[in-house]
Amino acid sequence: MVVLVTGASGQLGQALQAIAPSYPELTFHFASSGEADITDRSGLDEIFSRLKPDFCINAAAYTAVDKAESEPEKAFAINKLGARNLAEVCHSNNATLIHISTDFVFDGNKETPYSESDSTHPQSVYGQSKRDGEREIEKILPRHYIIRTSWLYSQFGHNFMKTMLRLAQERSSLSVVNDQMGTPTHAVDLAKALIAIILSRKEAYGIYHYSNEGIATWYDFAKKIFEVNNIDIQVHPIPTSAYPTPAKRPKYSVLNKSRIKKEFEISITHWEDALKNAGL
Ligand code: NDP
């Protein structure tokens, strides 16, 4: 089976590249934005007719959550129209699309884990652009998996963990938000789950939630990052109101993973164990 990965230079794209050699039964083609620009429909037509992928994993996205508030056209061009382009090109080439979405499609007003059937209500331009992308795919392409995930981190790309480790070298104390709840997700664990879906050969299309297990605030996550890395630093919990950002984030965005666990027999690691085993 041929698997085309778009957005290959991003965090998830690099995590997929790192584990790809463990799956010799799959032929991967990793395309970064220079080779496959998802906003360029004719470019996608060319690459699909050349590679004839059975699956496309779309790891490409506009992910600058705060910047999106001031450049919504760019966020929608990539996250909505880019998703539409991929759905159309997959449809005309009989390929299955595995698209990554986000916990930011929810408003965060719930107090129990969000399941796939819960109503969406994005609070930011980024969240809305990602939700619109989901809808485009659902309209155009029956053969789709939309995987919503949360709080991705890894040794690759830009993420909260790497920011904390950098700041720890520059400062002796840090203040971190302690009233937003979610689940950190190791990008390599997500990458493995995506491949498990492909290898299952099931045709159980639709939306799924995937994160590591457990629940944390950004403060909890920061404390654990320093503990695991033996870094002695003072971390102070602060409310979101003390750290204003252009984009509003959900207060609670824990995802219910029952559907993906049951359908694909995936077992999911607790976020604290994933962090310990991340080999960082
Ligand atoms: P990154 O920002 O690390 O990577 C995104 C990649 O998309 C970049 O390599 C970028 O390439 C590429 N890209 C941007 N525009 C285009 C385009 N027009 N055509 C092709 N490629 C493009 O994101 P992550 O790997 O962290 O995120 C992966 C997915 O997970 C995304 O869908 C994101 O929305 C979702 N997600 C991420 C979370 C997180 O915490 N990071 C949380 C929840 C969901 P270039 O650098 O060349 O511009």
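Contact here means heavy atoms within 4.5 Å. Axes are lines fitted to C-alpha atoms, for helices over the stretch in contact, and angles run from 0 to 180 degrees between N-to-C directions. The model is predicted: local features need pLDDT of at least 70, side-chain atom pairs count only at pLDDT 80 or more, and totals for chains, interfaces and linings use all residues. Residues are numbered from 1 along each chain as its sequence is written, and side-chain values use heavy atoms, with hydrogens and water left out.

**Exercise 1. Find the strand order of the open sheet, and say which strands stand at the edges.**

Step 1. Helices (H or I, at least four residues) and strands (E, at least two) are DSSP runs, numbered from the N terminus. Two strands pair if DSSP finds at least two bridges between them.

Step 2. The order of the 6 strands is S2-S1-S3-S4-S5-S10, with parallel pairing.

Step 3. S2 (27–31) and S10 (206–209) each have a single partner strand, so one side of each lacks a neighbour in the sheet. From one strand to the next, the twist averages 20 degrees.

Step 4. Check one pair. S5 (residues 144–149) joins S10 in the parallel sense over 4 bridges. Ile-147 has Tyr-208 as its bridge partner in S10.

**Exercise 2. Which strands do H1 and H2 lie across?**

Step 1. H1 lies across S1 (2–6), S2, S3 (55–58) and S4, at about 150 degrees to S2.

Step 2. H2 (residues 41–51) lies across S1, S2 and S3, at about 155 degrees to S1.

**Exercise 3. Describe the surroundings of the ligand.**

Step 1. Count residues with a heavy atom within 4 Å of the ligand. There are 23, and the closest are Leu-12, Ser-33, Thr-63, Tyr-126 and Lys-130.

Step 2. Look for polar contacts, meaning N or O pairs within 3.5 Å. A polar side-chain atom of Lys-130 is 2.7 Å from a ligand oxygen atom. A polar backbone atom of Ile-38 lies 2.9 Å from a ligand nitrogen atom.

Step 3. Find the main contributor. S4 gives the largest share of the shell, 3 residues.

Technical notes:
A residue is near a molecule or strand if one of its heavy atoms lies within 4 Å of it. A polar contact is a pair of N or O atoms within 3.5 Å; within protein, one must be able to donate a hydrogen and the other to accept it, and residues adjacent in sequence count only if both atoms are side-chain atoms.
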